[in-house]
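Biologist: I have a structure open and I'm new to it. Could you walk me through reading a few of its features?

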Amino acid sequence: MSAVRFGVARVSWHLVVAITLEHDLIAGTPDHLKTWRTPAVKSDVETLNPTRVKLTVEVSYAELKPSLDKAYKSIAGQVSVPGFRRGKVPARIIDQRFGRGTVIQEAVNDALPGFYQQAVQESSVRPLGQPEVEITEVPLGEGKDAGELKFTAEVDVRPTIDLPDFSTIAVTVDDVEVTDADVDAKLEELRVRFGTLVPVDRAVQTDDTVSLDLRAEIDGELIDSADGITYVVGIGTMLPGLDEALEGATIDEERSFTTTLAGGEHKGETAEVTVVVKAVKVRELPDLDDDFAQLASEFDTVEELRTDLRDKAEDEAVFRQGVQARDKVLEALLEQVEIPVPDGVVEDEVHRHLENESRLEDDEHRAEVTEETRRVLRTQFLLDAVAEAEEVTVAQQELIEYIVAQAPAYGMDPNSFAQAMDQAGQVPALVQEVARRKALAAVLEKAVVTDASGNTVDLGDDEDDDAEASAEADAPAAEEKPKRTRAKKPAADAADDASAAEDAGEEKPKRTRAKKPAADAADEAPAEDAAEAPEAEEKPKRTRKPKAEAAEAAGSAEAAEGAEAAGTQS
């Protein structure tokens, strides 16, 4: 063990320590810090800029003494000194053989995180990320004349935000309007979903559903292949040039085309793709009559079905109006409030994001990620400030509902997802996310929202409904909940079951080719699924409670990958 000797009473020793200090994600002090019983340290705070402070901390010899004793014991257990058993080497012998500086160094490094935490707690600083610590003085002697441990710590902090009167925020949204054409489109969509795929013996045409095999080569080397892919010709969701190559092709005919791969390890490279059509089918639609209404729903007539679809379309329009109000209110609030963002936090997040993507040298992408990260951080700081000002609290049931809603997005059941988040220490981040959603809902409640016709839009609902809507709105489209889809009018659900039963054998192969470049686009849904995609993304039929949906704006990243910034703050 090398000795570190201090030849003067005051030294300059630069030390960057990685301290992950948990802090209350909404307001106040975390429980584990509230129970701290160690004597307080002396600390002063100097504000360097709106997002960075400098802590000057002084620790008496008496407060450092337990760490010194621990250091002596630790060193005694590591070294061998003739005449003494391991672990029984006296302190004076350690000082003689290895230097007191070695002991002080170990004691300071061991105690520094705790002293830093105390200083943060006592000064009410809300740090972001890791501090930069400089030790300016260490105690060289013993007893009252030994001197003190003194250090400074510079750290990025959350900015102080002055919030406006939320009732002064006014936005205008679109009218809720449903036309006959909208209803007709939904009827047609329902017919498509109940349509039957029928094999045909002819050349491929646009809108045909085909089963095909793909092979991709670069410079004569096979780099990818996929068989049994189901694709609807003309929707353009696969490889560029595929639709043109398929047009007019017959069964078992081989055609080739050149394309640029959209994903995988060969993303962006030019490949020669060979496609072979194995089957051609057309979708025959049922007649739009009362028999169809009875097949597709619980209604006896087409008119009753049409009325139900109109009601659903109105629900969707109301939902879209609420989402629009949410987005506009958040944007208006961001424009009114000055929110400084720590450059260091942004740089760390951008670097981590680009490093994960192996794109550290991509300056154009760096600029995009930087802009998105700043936007996400500004939104998070703003909503955290709102949550604190509005004294937002998160009930256990609200957290459970959020976990249940998020679990399917990770391909996990709620219990497994909750356990994984707990083991990763991410439960506080989930609580913070729910608080941000509720904070934005509180702003939306007080803002003035009018439609294009000048009518006031009422976005209010009771608190229980808000929590339910917020949780369900985050669930993926695949996780349809019967109570949100008008269980008494199961047209859409019945159509999904029918379509799934019919296409199960046809569409299954493409689900296993996600990571193969030539088949990347093959993972796209067929036309009937593609037609449903926009609806699924907006999740309009989930709820008529747009206020609760306002909370979605707080999410980022999961977003952007900039949402990873939440991890740094936590």
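Predicted model: local features only at pLDDT ≥ 70, side-chain atom pairs only at ≥ 80, totals over all residues.

Biologist: Let's start with helix 4. How many residues does helix 4 have, and where does helix 4 bend?

Modeller: A bit of background: an α-helix has 3.6 residues a turn, so residues three or four places apart point the same way. Here, helix 4 covers residues 100–123, which makes 24 residues. From first C-alpha to last, helix 4 reaches 32 Å, close to the 34 Å expected. There is a bend of about 40° at Ala111, with a proline, Pro113, following within four residues. Just after helix 4, Ser124 takes a positive phi of about 60°.

Biologist: On to strand 5. Is strand 5 mostly covered or mostly open?

Modeller: In a regular strand the side chains alternate between the two faces of the sheet. As for strand 5 (residues 149–157), seven of its nine residues are buried.

Biologist: Which strands pair with strand 5?

Modeller: Strand 3 (residues 52–59) pairs with strand 5 in the antiparallel sense over eight bridges, and Leu55 stands opposite Ala153. Strand 4 (residues 127–137) also runs antiparallel to strand 5, joined by seven bridges; there, Leu128 has Asp156 as its bridge partner.

Biologist: What is the phi of Ser358, and is Ser358 buried or exposed?

Modeller: Ser358 isn't a glycine, yet its phi is positive, about 55°. Ser358 lies in the loop between helix 9 and helix 10. Exposed means over 50% relative accessible area, so Ser358, with 67%, is exposed. Glu391, in the loop between helix 10 and helix 11, also has a positive phi of about 55° and counts as exposed at 68% relative accessibility.

Key. Residues numbered from 1 in each chain as written. Heavy atoms only, no water. Helix = DSSP H or I, 4+ residues; strand = E, 2+ residues; numbered from the N terminus. Expected span 1.5 Å × (residues − 1). Bend = angle between axes of the 7 residues up to and from the residue. Buried < 20%, exposed > 50% of the residue type's maximum accessible area, 1.4 Å probe, protein only. Pairing = 2+ DSSP bridges.
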